[in-house]
Structure formats: structure tokens, C-alpha cells
Amino acid sequence: MRSISSRLTASARPTITWWARGLLLGLAVAALSLLGFLNWGERWGLTAFFALRGHETFRTPLVIVSIDEDSFDELDLAWPWPRALHAQLLDQIREGKPAVIGIDLAFSEPSLHSPEDDRLFAEALERAGNVVLASVLTIHQEDSPQKEDFHAPITPLRDRARAFGFVNVLQDSDGVVRSAELTRLVQDRVFPSFATVVAQEAARTGPPLPTPPATTSTILLNYRTASLAAQTVPYYRVLRGDIGPDFFAGKIVLIGTSSPRLHGTYPTSLGSSGLAGVEIEAHLVETIMQGIALERIPVVLTVLLVMAAALLATWVTDQLRPQVAAGLLTAGVSLYMLGGFLLFIRHRTVVDLSIVPLTLLLGFGGTIVGNYAHAQRQRAFLMQLFSRHVSPEIAKAIWQERDQFLTGGQLQSQKLTATVLFTDLRGFTAWSERMDTSALINWVNDYMESMARLVMHHGGIVEDYFGDAIKADFGVPFARTSEEDIRMDAVQAVECALAMGEALHTLNRRWQEHGLPIVDMRVGISTGETVAGCVGSDQRLKFITMGDVVNAAARLESYENESDDPSLTPGSCRILIAESTAAHLSSRFWLHRVGNLSVRGKEPTIGVYRVYGRHEPRLSTATGVELRTTHRVEWAAPITVTHPAQHPAVSHNLSLGGIAIGRLTVPLPVGTLSTLRFEIPGQGQSIQATGMVVWAQGERAGIAFASLPPPDQLMLEQFLHQRASRRAAEHSPTPFPAADRPAQEPLHPTDPA
């Protein structure tokens with residue numbers, strides 16, 4: 001069985017650390033890249049690089065004699081044209097002494113016109129002496145194993161030409177020509193490409209090649225421009241003599257087709273509509289002659305970049321807020337792309353523009369998802385402890401402040417100041433033994449649901465249920481840092497207890513209508529330092545509070561030293577609070593001290609106060625007489641009570657805070673407001689006040705003043721002060737008739753300050 005600590009750690013820590021997640025991500029992306037699944041990123045980046053770089057001028061003296069659409073129109077000949085026509089073109093170009101002439105046309109079959117046609121062309125090749133012909137490699141895909149045929153020019157032409165090379169273009173899987181082969185191994189023989197041979201022949205009479213063209217079998221083409229108009233002349237104009245031989249002096253001359261009717265165009269990295277085969281050969285010759293072939297960064301460096309990006313993304317996202325992490329990673333992507341472009345234009349080095357950004361994105365997204373899943377596990381763990389017993393607002397706050405609870409991977413216990421509330425039903429056990437099981441459960445659930453809802457509504461946590469008893473905490477699980485927060489917890493606990501009493505009254509009335517018993521509630525509340533944390537087994541973990549304040553609240557709920565109180569009628573709710581709670585209530589509630597509570601091993605005893613109700617705001621005292629402990633006089637006089645009709649009654653005692661009356665003809669329910677009218681002896685005028693019934697028993701009731709006009713308040717204060725001064729011995733601190741209970745501290749709005 002795992003320990004509680006291990007369970008908490010498993011809930012509070014990520015399943016996999018950021019660096020492990022980064023390593024796994026980096027290895028996965030690197031593997032996909034090496035297997036070719038991410039080649040699209042490099043291809044896209046190469047196109048973007050060329051677009052950003054823009055046009056560059058050819059540095060190699062090169063001209064293309066293009067068999068274009070205008071030439072077809074001018075010559076008006078069916079294709080293939082007579083080879084004698086090519087011979088005539090060669091003779092005119094030869095006179096200008098070009099460095100080399102390359103003909104990008106296939107002559108692997110005899111002429112369709114006549115053997116004489118081949119003879120004339122062969123003689124022209126021999127006269128020129130520097131012509132490179134094209135050959136074609138044919139791959140038979142249907143054969144197994146795959147078969148390659150090399151279609152060289154026919155012998156009469158091949159023997160008189162300077163050399164020949166293959167003109168097959170190398171297309172990627174998307175059909176775009178980005179690379180070119182310099183050599184090809186066919187049937188155990190290495191054949192050079194057409195452009196390679198042209199470059200080698202040009203180097204015989206011109207500057208040597210920057211790098212040997214055969215150092216590698218494949219290179220990345222460094223395209224100069226999509227428009228070769230400056231290097232192109234129409235075939236028919238050269239044939240017609242519009243362009244003289246001197247134009248070709250010392251140049252590399254390439255002859256080939258560019259007419260759309262011959263379907264000889266291919267898409268390239270330039271992203272244009274496409275280049276003709278002879279134009280691609282021109283770019284390849286330029287790349288070889290100038291030594292400007294593009295180079296990919298080493299595979300090892302690519303893997304290192306991917307690993308670094310993966311670790312960076314997971315670390316940044318794990319340590320920082322998502323918005324900040326996204327901003328930093330976006331800046332990183334921008335710097336990476338800028339660096340890649342600078343490498344391209346300055347060092348002709350190609351980096352994959354997508355692989356690192358993709359890794360950063362996956363690292364960011366994966367960490368966000370992983371942290372979210374981890375957060376959901378944390379949330380589920382915390383909500384398992386709290387969510388069923390707190391309001392949605394507190395549940396949300398607990399989640400937002402989870403770092404207070406999940407420290408170092410464990411749920412931490414803490415000392416804090418809280419207000420603890422205990423409730424119990426008097427007489428429940430006796431009734432439960434006589435009730436049907438189903439009815440009993442429904443009865444208890446009805447009660448518990450109502451009370452738990454009130455606890456949550458007042459910002460508390462229902463910590464536990466004990467049969468018909470409830471334990472609730474106010475001020476947990478967050479440690480309060482100010483006296484105001486502690487005060488509000490105490491106020492909310494007392495407000496909750498009063499609301500429970502009101503709810504019990506409604507429940508009792510409904511239960512009575514259905515033949516169910518009515519019950520009394522006892523509430524104990526105490527405020528002080530407590531230890532909050534989780535206890536239990538691996539299977540059942542719960543959040544609890546412990547300490548003297550908890551024991552005091554439980555003892556107050558079961559307190560039995562209170563003398564008989566006429567306000568404790570059947571179905572009532574008795575609320576007792578410790579003096580530590582009363583000290584935080586100010587004058588908000590009507591309190592009455594009923595005795596002391598001894599806690600074993602603790603000195604001194606705890607003062608016990610009874611809560612009668614809420615003290616509605618009204619004017620404070622104005623005579624300077626100390627009335628915190630309200631002066632009360634025995635006083636019998638007629639009084640008129642309006643609720644809602646007028647009823648006569650007789651007063652028993654009177655104070656600035658309230659009045660006790662008797663001989664009521666109609667009972668007054670606790671918690672209701674009534675209008676009172678009575679006269680003060682010697683004043684000759686009536687006092688009219690609004691009061692709330694805080695206790696009632698038959699024809700008797702205790703009413704706390706809720707509203708008293710300032711003139712009437714002043715008149716009442718003067719009367720009480722005079723009577724108290726003359727008859728100090730007659731002062732009784734009880735809010736009830738002296739015959740009903742012993743002298744106690746009076747009913748008063750507590751103001752410990």
C-alpha cells in the first residue's frame with residue numbers, strides 16, 4: 001500500500017518532468033526529420049529564402065538559344081526540325097568562337113528526314129569541335145529489380161561531338177526541382193550530367209572551376225532569377241543572322257526548347273510558373289562555374305538544434321506563464337528564422353525553417369497540455385477534499401491558491417486562526433429509534449442538505465457529518481493574515497448559525513405537517529488557532545481542523561450549565577459562542593453572557609455567550625453614560641404592541657437595548673418585527689419604537705429595539721440613568737423577569753473594544 005505522502009506527491013507532481021518531456025520530444029522530432037517526414041519544412045523554407053533574397057544576376061558568360069514559340073511561328077516547321085537546320089545554326093555560332101556549345105536536345109534515334117540529315121549535322125559537330133550533346137536516362141519502374149537505360153546520341157553524332165551528358169531533371173516528391181545530379185552510376189559506369197560536362201569544357205579555355213564538379217553526386221541548385229530574358233535569344237533570329245557570331249564570343253551557349261507546346265517546363269524553388277529544361281541546365285552551369293551550390297547544415301547540428309529547441313520550449317513553458325512563454329518562444333522563432341536567412345544569403349547554407357519552430361510549438365503545446373492534465377489531477381485531488389463541502393467561489397479560490405496546499409509535492413498542514421461551528425439536534429436519537437428507516441434517512445438528508453447549503457452560502461466548509469451533527473469551519477483552508485478577515489469569519493459563522501435557526505423553523509413546520517417530529521438545534525461556535533491538514537488512510541483522506549478551539553466549539557454545543565430560558569421553546573435553535581468569538585462581533589449581534597466553560601488542562605475558563613439575534617444599526621448613545629452593559633430597570637406599565645394588529649401588553653423591565661413584556665393576548669414569533677408604543681413616567685409623551693422579538697414563551701416575549709427616534713432615545717436614556725442612579729440596588733442585569741431566572745449579565749450589543 002502506498003503511503004499518504006506518495007499519493008499526495010503523485011497527485012501534486014507532473015507525471016513526467018519538463019526535461020524528460022523535452023528529451024522525448026526532441027528525439028521524436030529528430031527521428032521524423034531523419035526519416036524524411038519533415039522534408040516539407042525545408043522545401044518551404046528554401047522557397048521562402050529565394051523569395052526574400054530576390055533577383056541575382058548571372059556571373060557566368062552564358063547565353064541560351066531558345067527554340068521558343070516565336071521560332072516555331074517564324075520557321076513554320078513541324079517538330080522535330082531537320083538536323084541540317086541545327087547544323088546551319090552551329091556553323092553560325094561557331095564563327096563567334098564560343099567557349100562551349102551545349103545542345104539540350106535528344107539525338108538517340110536516326111533522323112526522321114534522311115541519313116543525309118544526320119550526316120550534315122555530324123559534319124557541323126565536327127567543324128565546331130566543342131559541342132556537348134544530351135543523353136537521356138530511362139528508368140523502368142515496372143521492372144523488378146528497377147532497370148535503367150542510358151540513351152546516348154547515335155554513334156555518328158556521338159563520335160563527332162566533344163562529349164555528352166544526361167539531362168534528366170531531379171524532381172522531389174512534390175514535383176519541384178531543387179537539386180541536380182552531377183553524376184549517375186548506370187550499369188557499373190559513372191556518367192556525368194550535361195551541365196557538368198559543359199562546365200568542364202568551358203573550364204578548358206577559361207578560368208578553372210572553383211570546386212571540382214564531381215566531389216558530390218547531388219547538389220542543391222542556387223537559382224539566380226526566374227527570368228532569363230537577359231541570357232536568352234530566339235533560335236530563329238540567330239539562324240536568320242539577326243544576331244551575329246561575335247555575340248557568342250567566349251560564352252557558354254546552350255541550345256534547347258522553351259516552347260510550351262513541347263511540355264518542357266518544371267516547377268522550381270523560385271516558386272514561379274516553372275523553368276524550361278535548358279534554363280534549369282543554365283542555372284546548374286552557373287552554380288557549378290561560380291561554386292555557389294547550396295549546402296545543408298550537418299545532420300548532427302540539426303539534431304542538436306532540435307534537442308535544444310525541445311528542452312528550451314518545455315523549460316520555458318513549464319517555468320513561466322503561458323502568455324510569457326509564448327512571447328519568448330515567438331521571439332526565439334523569429335531569431336531562428338532571421339539567422340537562417342542570414343546563413344542563406346551570406347554562407348549559402350540552408351537550414352530547415354520549420355523543424356525548430358515546429359519543435360518549439362510542440363514543446364509549448366505539449367507542456368501546456370501536460371501541465372493542464374497535471375493541473376486537472378491536482379484539481380481533482382483538492383476538490384475531492386473540498387468541493388462537496390464548499391461554495392463554488394471558495395472551490396475556485398482553493399484551486400487558484402493551490403500553491404498554499406501543494407508545497408513540495410505534498411498537501412501541507414498549517415496553523416491558522418479559524419472559527420469552528422458544531423451543530424446537533426436534541427432529541428434526535430429518541431425519535432430515530434421509533435421512525436421507519438427510509439423516513440429517517442429522508443428526514444436526516446432533508447435537514448443536512450439545508451444546513452450544508454447555508455454553511456457554503458456563508459463561506460464556510462462542511463468538514464464532517466456525525467449522524468445528525470455537523471462540523472463546519474470558517475477561515476480555512478486559507479490562513480487569514482488580517483484581523484478584519486478573522487473578524488469576518490466569526491461574523492459569518494454567527495450569521496450562518498442564525499440562518500440555520502430560521503431554516504430549522506421552516507423545516508419543523510413542514511415536518512409537523514407530514515407527521516414528523518420537530519427538533520431543537522444546539523450550536524456551538526469558537527474562534528482561535530487551529531491546525532488544519534489532511535489525515536486518513538490511502539483509501540480515505542479527509543481535511544480536518546484540530547486543537548483547543550475545536551474542542552471548545554464541541555463543548556459549547558453540548559453545554560448544559562445554562563439555566564432555564566423561556567426563549568428555548570420546542571423547535572428553537574440555541575446558539576452559544578465562546579468569548580473569543582464574541583470579541584470579534586462588535587455590536588452586530590445581541591449577546592447575553594450565560595456562564596463559563598472549563599476546558600480540561602486549560603486556565604482560565606472560557607466565557608460563554610448566548611446569541612439572540614442581529615442588532616440592527618441605530619444611533620449610538622449621546623449622554624456620555626456608559627451603556628455598553630445596558631442599564632435595565634424593573635418597570636411595569638401598559639404597552640401597545642402592533643403585529644400586525646394592535647394588542648395590549650404589560651412591560652416587565654426596560655433598557656436602552658430592549659424591553660421584556662407579558663400578558664400578550666397573541667403570541668409573538670421569534671425573529672419578527674413589531675411596533676411598540678409606551679409612555680415614560682413624568683415625560684407626558686409616548687415613545688414609539690420598532691423592535692425584534694428575540695425570545696418568546698406563551699404570553700411573554702423579549703424584544704430588542706431595532707429603531708428608536710433620536711428624541712425618544714434621549715428621553716429613554718435620561719429615564720434609565722435617573723432610575724439607575726437612585727436605585728442602584730434594584731438594577732437587574734437579566735432581560736427576563738426576575739422571578740423567571742437568576743440575575744445575569746443583561747441583553748446588550750457587545751462591543752469588546
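I began with the lining of the largest cavity: β7 gives the largest share, four residues. I am working on a predicted model.

I then looked up the elements behind that lining. Those that contribute two or more residues are β7 and α10. In total, 14 residues line the largest cavity. I noted those nearest its centre: Asn168, Val169, Ala180, Glu281 and Leu284.

I found nine nonpolar residues, three polar and two charged.

I asked how much space lies in the largest cavity. The value is about 100 Å³. I also looked up how many cavities of 30 Å³ or more the structure holds, and the count is four.

I turned to the sheet around β7. I found an open sheet of three strands, ordered β6-β7-β10, and its pairing is antiparallel. Which strands stand at the edges? They are β6 (170-171) and β10 (218-220). Each has a single partner strand, so one side of each lacks a neighbour in the sheet.

I followed the pairing of β6 with β7. Strand β7 covers residues 177-181. The two strands pair in the antiparallel sense over two bridges. I looked for the residue opposite Gln171 and found Val177 in β7.

Last, I looked up helix α10, residues 277-290. I see that α10 lies across β7 and β10. Its direction is at about 95° to β10.

Helix α10 lies across β7, and both elements give two or more residues to the lining of the largest cavity.

How values were computed
Residues numbered from 1 in each chain as written. Predicted model: local features only at pLDDT ≥ 70, side-chain atom pairs only at ≥ 80, totals over all residues. Heavy atoms only, no water. Pairing = 2+ DSSP bridges. Contact = heavy atoms within 4.5 Å. Axes fitted to C-alpha atoms, helices over the stretch in contact; angles between N-to-C directions. 1 Å grid on protein atoms, 1.4 Å probe; cavity = no way out; pocket = protein on both sides within 12 Å on 5 of 7 lines; lining within 4 Å. Points joined across faces, edges and corners; volume = space filled by probe spheres on them. Nonpolar A, V, L, I, M, F, W, Y, C, P; charged D, E, K, R; others polar.
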